[in-house]
Amino acid sequence: MNAKHFTLGVILSSITFGALTSCDMVNEDMPPCATYPNTYLTVNFVYDYNMLREDLFDSHAGTAHLYVFDKDSVFLFDRAVSRNDMTGPTVDFSMTFDTTYIKTGMKYLLVAMAQGNHSGYEWSTIATPGFQIPLQYQMVPGVSKISDYRIMLDRDSDSWADIGVVDYTDAYGNNKEMLDTLWSTKPNEIQDVAIPYIELKPQVEEYPVYYYEVLMPMMRITNSITVNLLHDSFTPETDVNRFNILIDFPKGNGTIGFTGQTFPNRELFYRALRKGVVKYTKKNNGATYEDPGVDRLGQQTMGTRADDPDYAIQATFGISRLQTVDESKLQVRDAETNEVLIEIDNFAQWLADYFNTYYDDQEFLDREYNFTVDIKMSDANTLEWYQIGCSILGWGKRVYEYIPR
């Protein structure tokens, strides 16, 4: 069955079935045929697997896509709902199914993916609503299995370093990456739902309505990384293409399954979605210095001045799930020679080592998704110092470390 969109807040109409019992036979002593009970299954989505531990799904998601399998993991049907399907001020991605889709006495496996957009969901007004990430394999009802599901993160091929970014410009002239926000079913949380069998009895004329609810716990599988590359020579006019800033996944992480697992593929380089020169305030900005000057009478004076700001080449990335075993690297390369000038090995584990204090390292990387890395280059274009930060409960935690020249 193909995915259909439906308007939230409207419960799907139930179908009345004639009971295949003795009341189908001609017998004046029997009561009227029993009405098959209405049975509804409601699926709710929750995203509280974050540092705030608050459910942010309805406020962050743009599209939810549910896939339903039988007890043997064979694909039955899917359903997608986006913000375009909603009317009124309430945002609610809940889905409700009646006996058109679910049957009593059956067991179902439920998994989901979701997509969002941090810039106000503009994509949903200028593109076809629905899940936009392409599948590696078409899901065929009655044939495909849960293990067949793969999403392929879009990539262009303008150059060796362009992989991992969608070359797409929206109606507002902004270049958007498909990787902005994706959610998968939380690992080990594929939901199984058993709809109890309801036996029809001739003596029962009307059954109660049965309601079942299931919660789909979601996990964000994309990350926002901002890299500020500093050099004493940088000015507002610095050519942003002087250096290539890349995040390298030697094992590849652009193919993703239902529960956020990534599959080995060819080496994957993420280039910056956005790149530009920004004013970067020095660590000691605002400090005062003795500054000899001349007053209006020509007399020598001692004054004070604030330190001048630095400038940085800022690169913004949308990348796939960070894992402690992915051997990812953060690289700065000379754009002309392609020489690797700075490389931070085991990038994901490096982030976890600095910030994680309460969780397993992988759980921390799955809960946190917004990191900033500041890199200072020496005159010789080697690493002089770095500081890293992330948003933990709304606070920025930074580590400042000098690297000997």
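**Figure 1. A buried salt bridge between R321 and D366.** D366 is buried in this predicted model, its relative accessible area being 5%, and R321, at 8%, is buried as well. These residues form a salt bridge in which the closest N and O atoms are 2.8 Å apart. Because R321 sits in the loop between β17 (310–320) and β18 (329–334) while D366 belongs to helix α4 (residues 361–367), the pair ties together parts that lie 45 residues apart in sequence. Side chains of opposite charge can pair when their charged atoms come close.

**Figure 2. The surroundings of N253.** N253 is placed in the loop that runs between β11 (243–249) and β12 (255–256), and with a relative accessible area of 1% this residue is buried. Its side chain makes a polar contact with the side chain of Y270, at 2.8 Å, and the side chain of N253 also reaches the backbone oxygen of R321, at 3.2 Å. When neighbours within four places in sequence are left aside, the residues in contact with N253 are L153, T262, L268, Y270, S320 and R321.

Figure 3. The side chains of K71 and D72 meet in a salt bridge with an N to O distance of 3.5 Å. Here K71 counts as exposed, because its relative accessibility of 56% is over 50%, whereas D72, at 43%, counts as partly exposed. In the salt bridge between K376 and E384, the closest N and O atoms are 3.6 Å apart, and both K376 and E384 are buried. D232 joins K376 and E384 in a network of salt bridges. For the model as a whole, the count comes to 6 salt bridges.

**Figure 4. The largest nonpolar core and a second, separate one.** The largest nonpolar core holds 57 residues, and F317 and I375 are those with the most contacts inside it. Helix α3 (residues 347–355) gives the most to this core, contributing 6 residues. Apart from its neighbours within four places in sequence, F317 is in contact with N223, S224, I225, V227, I245, L246, I247, Y270, R271 and A272. In soluble globular proteins, nonpolar side chains tend to be buried together.

**Figure 5. The whole chain and the confidence of the prediction.** The protein has 4 helices and 22 strands, and buried residues make up 48% of its 405 residues. Of the contacts between residues at least 6 apart in sequence, 70% join residues at least 24 apart. The accessible surface comes to about 19,800 Å², and 48% of that surface belongs to carbon and sulfur atoms. The mean pLDDT of the protein is 76, with 70% of the residues reaching 70 or more. Over residues 1–31 the pLDDT stays under 50, and the model has 71 contacts beyond four places in sequence for this stretch. The pLDDT is also below 50 over residues 283–290, a stretch with 17 contacts in the model beyond near neighbours in sequence.

Key
Residues numbered from 1 in each chain as written. Predicted model: local features only at pLDDT ≥ 70, side-chain atom pairs only at ≥ 80, totals over all residues. Heavy atoms only, no water. Helix = DSSP H or I, 4+ residues; strand = E, 2+ residues; numbered from the N terminus. Buried < 20%, exposed > 50% of the residue type's maximum accessible area, 1.4 Å probe, protein only. Polar contact = N/O pair within 3.5 Å; in protein donor to acceptor, adjacent residues only side chain to side chain. Contact = heavy atoms within 4.5 Å. Areas by Shrake-Rupley, 256 points an atom, 1.4 Å probe, with all protein chains shown as cover. pLDDT = per-residue confidence, 0-100. Salt bridge = Lys/Arg side-chain N within 4 Å of Asp/Glu carboxyl O. Core = buried A, V, L, I, M, F, W, Y, C linked by side-chain atoms within 4.5 Å.
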